[in-house]
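I opened this entry to keep track of what I looked up. I went through sheets, helices and aromatic rings in turn.

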Amino acid sequence: MKLARKITIALTLLAIAVMTALETLEVRRELDRSAIDMQHDHRLLGHTLAGSIARAWQEEGEAEALTLLEQANRFQAQVHLRWVWLDGAQGHTAPALSLALLRTLRGGQDGSMVDESPAGSGVLRSYTPVFINTHLGAIEISESLDEEHQHVRSTVQNAAIATCAIAVAFLLAAMAMGRRLVGRPVNQLVALAHRIGEGRLEERVHLRQNDELQTLATAMNRMAELLLTAREKIALETAAHLATLEHLRHADRLTTVGKLASGVAHEMGTPLNVVLGRSKMISSGEVVGDEVAECAQIISQQALHMTRIIRQLLDFARRRAPRRAPENIAQLVTHTLTLLRPLATKRSATLVSEVPDSLVLEVDSGQLQQVLTNLVMNGIHAMKRPGTLRVRAGPARAAPPTETGSVETEWIRLDVEDEGEGIRPEDLPHIFDPFFTTKDVGEGTGLGLSVSHGLVQDHGGWIAVRSEPGHGSCFSVYLPPGGHSCQAGS
């Protein structure tokens with residue numbers, strides 16, 4: 001229920017309660033006033049008749065006195081008069097009165113009581129004491145209370161109708177005022193809060209009133225301005241951060257290209273020698289006839305092979321946006337190890353791929369190759385003596401780092417394990433920091449692991465490492481098995 005409606009209903013109920021209490025008090029006062037008036041009228045009538053009755057009784061006897069009472073009954077029907085003996089004189093039975101009323105009457109004072117024994121609303125009986133010689137009698141004046149109670153019912157009914165009418169009028173007035181003063185401004189503030197929640201920070205609200213709601217509107221407008229400023233600032237900082245990150249990645253990519261140059265040169269050495277030998281055979285006339293065409297075909301094949309190698313190197317070095325597509329991981333690992341094998345051979349290291357041929361992931365092949373190149377190059381540099389570097393891949397169940405807040409689930413893990421010198425425990429917390437390196441001068445920039453860590457995070461995964469000094473290191477790249485996780489990670 002809305003606040004304005006609650007306030008309106010509460011005020012209406014309060015008003016009804018107050019009016020009901022006031023009307024009840026007024027009815028009670030009216031009843032008390034009516035009872036006092038009736039008793040006063042009885043007292044006046046009683047005292048008026050008492051003197052005449054007593055004088056007639058003394059001068060003309062009991063029969064003449066009672067005749068006066070009968071005559072008085074003929075002239076009015078609202079009350080009934082009769083004579084009663086209060087002390088049971090002359091064999092008459094005294095009326096059943098309370099002891100308190102009898103004491104009052106014996107003291108010479110008037111008294112009254114409500115007799116509820118007759119049918120209807122009861123009878124008010126008033127007694128005016130009269131002494132006849134030594135005996136105590138009284139003029140009893142009886143009046144039915146039906147008319148009074150009818151008057152009370154009419155009064156209560158009229159009061160109830162008036163209360164309902166006033167309550168309805170008050171309810172309508174309160175609803176109109178509540179909607180104007182509370183409901184409409186609150187709806188505007190709620191709408192503004194929803195628009196701010198949806199990111200529409202340019203929206204404002206202006207209330208034409210001077211109260212707490214107007215103060216709240218001003219505060220919300222100010223809050224929207226601050227949020228808009230903060231969002232613009234964050235957008236600028238994010239754009240600058242992304243630009244810097246892209247520059248760092250491109251710098252690392254160019255560094256990797258330099259490292260791959262020797263491998264490329266080795267790959268191109270063999271086809272160049274074939275092209276040179278076959279061209280000499282053709283120019284010297286050593287081959288004739290169909291053998292010339294065969295040599296030309298071999299030269300063409302080797303030229304295409306060299307072109308493909310150069311195109312791959314250029315594609316790797318070129319700055320471009322991430323493009324994810326299903327990629328055979330075994331072929332990607334094999335291609336990367338082929339390019340790096342000449343460098344490994346110089347350090348007497350053997351590169352081995354143990355990746356299943358059927359493993360396919362939706363990744364950016366260039367970025368994942370950059371990650372593998374960095375990890376393999378680090379492993380080669382870490383092996384100061386002959387050894388084997390293995391690249392393995394397979395499903396694994398693991399929990400992401402605690403800061404991501406994810407739960408344990410299934411992943412694809414790529415392990416790059418070397419038999420090098422390992423990483424010192426005090427260096428492990430810093431290996432993913434930019435420009436942190438333990439390599440000799442000229443062998444590393446300190447960006448490789450940092451950039452690789454960011455690229456894997458862009459794919460929705462993370463890099464873990466375990467290392468033991470003197471026994472090598474193993475870097476594990478965790479990647480989501482499905483394409484949806486890659487998009488979520490981006």
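My notes on the strands, helices and ring pairs follow. I kept in mind throughout that this is a predicted model.

**Four-strand sheet**

I started with the sheet that holds S1. It is open and has 4 strands, in the order S1-S4-S3-S2. The pairing is antiparallel. Next I checked the edges. Strand S1 (79-85) and strand S2 (111-115) each have a single partner strand, so one side of each has no neighbour in the sheet. Neighbouring strands here are turned by 25 degrees against each other on average, direction ignored.

How many bridges join S2 and S3? I found 5, in the antiparallel sense, with S3 covering residues 123-132. I also noted one facing pair: valine 123 in S3 stands opposite aspartate 115.

**Aromatic pairs**

I searched the whole structure for aromatic pairs and got 5. I followed up the pair of tryptophan 57 and tryptophan 83. Their ring centres are 5.1 Å apart and their planes are at 45 degrees, so I logged the pair as tilted. Where do the two residues sit? Tryptophan 57 is in helix H1 (residues 3-60), and tryptophan 83 is in strand S1. The pair therefore ties together parts that are 26 residues apart in sequence.

**Helix H4**

I traced H4 over residues 146-197. The helix bends by about 45 degrees at arginine 179. After H4 comes glycine 199. Its phi is positive, near 95 degrees.

**Five-strand sheet**

The other sheet I examined is also open. Its 5 strands run in the order S6-S8-S9-S11-S10, and the pairing is mixed. I marked strand S6 (349-354) and strand S10 (462-467) as the edges, since each pairs on one side only.

Aspartate 415 has serine 476, in S11, as its bridge partner.

**H8 against H9**

Last, I took the packing of H8 (residues 365-382) on H9 (residues 448-458). The angle is about 145 degrees, and the axes are 9 Å apart. The crossing is left-handed. Which residues meet? From H8 I listed Gln367, Gln370, Val371, Asn374, Leu375 and Asn378. From H9 I listed Gly448, Leu449, Val451, Ser452, Leu455 and Val456. I then sorted the contact by class: 6 nonpolar residues, 6 polar and no charged ones.

Terms used. Residues numbered from 1 in each chain as written. Predicted model: local features only at pLDDT ≥ 70, side-chain atom pairs only at ≥ 80, totals over all residues. Heavy atoms only, no water. Axes fitted to C-alpha atoms, helices over the stretch in contact; angles between N-to-C directions. Left-handed = near helix turned anticlockwise from the far one by under 90°. Contact = heavy atoms within 4.5 Å. Nonpolar A, V, L, I, M, F, W, Y, C, P; charged D, E, K, R; others polar. Pairing = 2+ DSSP bridges. Bend = angle between axes of the 7 residues up to and from the residue. Phe/Tyr/Trp six-rings, centres within 6.5 Å; stacked < 30°, edge-to-face > 60°.
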